[in-house]
Amino acid sequence: MIRFFERLQSIDRRVVFLFVAICVVLPFLFPFRLPVAVGRSTRGLFDEIEGLPEGSIVMLAGDYSPDGMPELQPMTLAVYRHCFSRNLRVISVCLWPEGPPLVEAAHQQVAAEYGKEYGVDYVNLGYTTGGPNAMVEMGTSIPGLFPRDFYLTPVEELPLMRKISNFADIAFLVSISAGTPGTREWVQQVQSRFDVPMGAGVTAVSAPNFYPYMESGQLLGLLGGMAGAAEYEILIEQPGTAARGMDAQSAVHLLIILFVVLGNISYLLSRRRESEA
Amino acid sequence: MNEVSLWTGFWPFTPERFAIWVGAILTLCIYSFLYRDNPFYKFAEHLLVGVSAGYWALIYWNANIVGQLLVPVLRGGVLLPLVPGVLGLLMFTRFFPRFAWISRYAIAFYVGGYAGLAIPSYMQARVLAQVHAAMAPTVSITAALLLIGLICSLLYFFFSREHKGVLGGASRIGIWFLMVGFGASFGYTVMARVSLLIGRMQFLFRDWLGLIR
């Protein structure tokens, strides 16, 4: 037994990779569907959108790139599904250049499911430069900053955009973000400056930084990583890729806990042997 | 499991299928690095950097230069965008040591403008609102833990007195709170990295091979 723990000290890292790969792949082939408990922050975002009057306009800021898709695209899809199921209207903006095609893919997928019409029920305004400056500019005029949409159509030709001037016309803001400019800047420049009710979905690696905003009430709801996306999918009763990925997520976490425990036992045994010698 | 073979996942050979195959092969090239560095990995890495640079250059050219300078000035007759345009051009004086000092005007304008934009909102959102929330009187176990954790963690960073006695005890409690915080961050980081792997595996096994739904 002691020899086993000693050998663990010099195990090839590729063996660890192999175990991780097995733990990710097997749950997809043979799902065991562990329950997903819904947290308070996820429930907060759901309740806020659920409480909006029919026809309200939600702004979704999709500030992420393809590398954030596994965590953030399910959030975007789930928020669209929730909004469209409640007959809310959605306008999307992106301050990351890679964002508009990802948001548009989500738009098209969900709009087809709910029979929503572009320009009437939802609009993709595409990308604009400027980051925080652009956010502040939207407080003056959203059509001024986005004279054309993602398809280069003048926004005055879109019925939904005729109803929107600035943040005063936005009932709720959802920031789905993977970095800067992102949720932090939306809180600083828009929520605090224009008092827009706001929720967010962020990557897991950055989620701990945003819980203080949740506690202070600056964010009314927060989705943290794939787990947050899965919780939201459960709440809207439409499990998607995030919920399906949680089996693999849990399996890998258990594996890592096992490795941490084994590694520590191995380390302590080797230290004891050294002190005895 | 779907009864779909590799071949049926390949046929009919539409542009979408071609894109999926390219993505799958490049994904495998990247993951080959886990075994050891190799030419396939290097090829995929260089391709990613090149495509990203091209994509960003095009997007920024269209959004910044065309959208915010050329179109408003040449088509709209608006002259104000010429000011940031000229300031942007001044940055190129850095290539000529004799005139490099001129670029400081552009930098000064940018730093001053951004500071004016960011500092008040930063103070409001990240300092005042947070302090206000921390001071709000609430009676609960969570609030008590938050208060103890906050004070003890701050005391850990108080270096004007030796950490012994009451201060030493409080700072040790602060370390525990900090460790719990770091542990939570580490857990979230693991989840983020595993999520990326899960995303790629979903792509390979669902979109490429069609083995899962």
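Which residues of chain B form a nonpolar patch on the surface?

## A nonpolar surface patch on chain B

In this predicted model, the patch is formed by B:Leu89, B:Phe92, B:Phe95, B:Phe96, B:Phe99, B:Trp101 and B:Tyr105, which together have about 870 Å² of accessible area. One of these residues, B:Tyr105, lies in helix H5 of chain B, which covers residues 103-135. B:Tyr105 has a relative accessible area of 54%, and because the cut-off for an exposed residue is over 50%, B:Tyr105 counts as exposed.

## An enclosed helix in chain A

Helix H10 of chain A (residues 225-235) is largely enclosed by the rest of the structure, because 10 of its 11 residues are buried. The buried residues are A:Gly225, A:Met226, A:Ala227, A:Gly228, A:Ala229, A:Ala230, A:Glu231, A:Tyr232, A:Glu233 and A:Leu235.

Within chain A, these buried residues pack against helices H3 (40-50), H4 (69-85) and H11 (241-276) and against strands S5 (198-202) and S6 (222-224), while chain B contributes helix H7 (165-208) to the packing. Just after H10 of chain A, A:Glu237 takes a positive phi of about 60°.

## Annotated transmembrane spans

An unreviewed UniProt entry lists residues 15-34 and 251-269 of chain A under "transmembrane region". In the model, residues 15-34 of chain A are 75% helix and 0% strand, with their end C-alpha atoms 26 Å apart. Residues 251-269 of chain A are 100% helix and 0% strand, and the end C-alpha atoms of this span lie 27 Å apart.

Conventions. Residues numbered from 1 in each chain as written. Chains lettered and ligands numbered in written order. Predicted model: local features only at pLDDT ≥ 70, side-chain atom pairs only at ≥ 80, totals over all residues. Heavy atoms only, no water. Buried < 20%, exposed > 50% of the residue type's maximum accessible area, 1.4 Å probe, protein only. Helix = DSSP H or I, 4+ residues; strand = E, 2+ residues; numbered from the N terminus. Contact = heavy atoms within 4.5 Å. UniProt positions renumbered as here; feature names shortened; annotations may be inferred. Patch = residues over 30% accessible without salt bridge, like charges linked within 9 Å, V, L, I, M, F, W, Y side chains within 5 Å. Areas by Shrake-Rupley, 256 points an atom, 1.4 Å probe, with all protein chains shown as cover. Salt bridge = Lys/Arg side-chain N within 4 Å of Asp/Glu carboxyl O.
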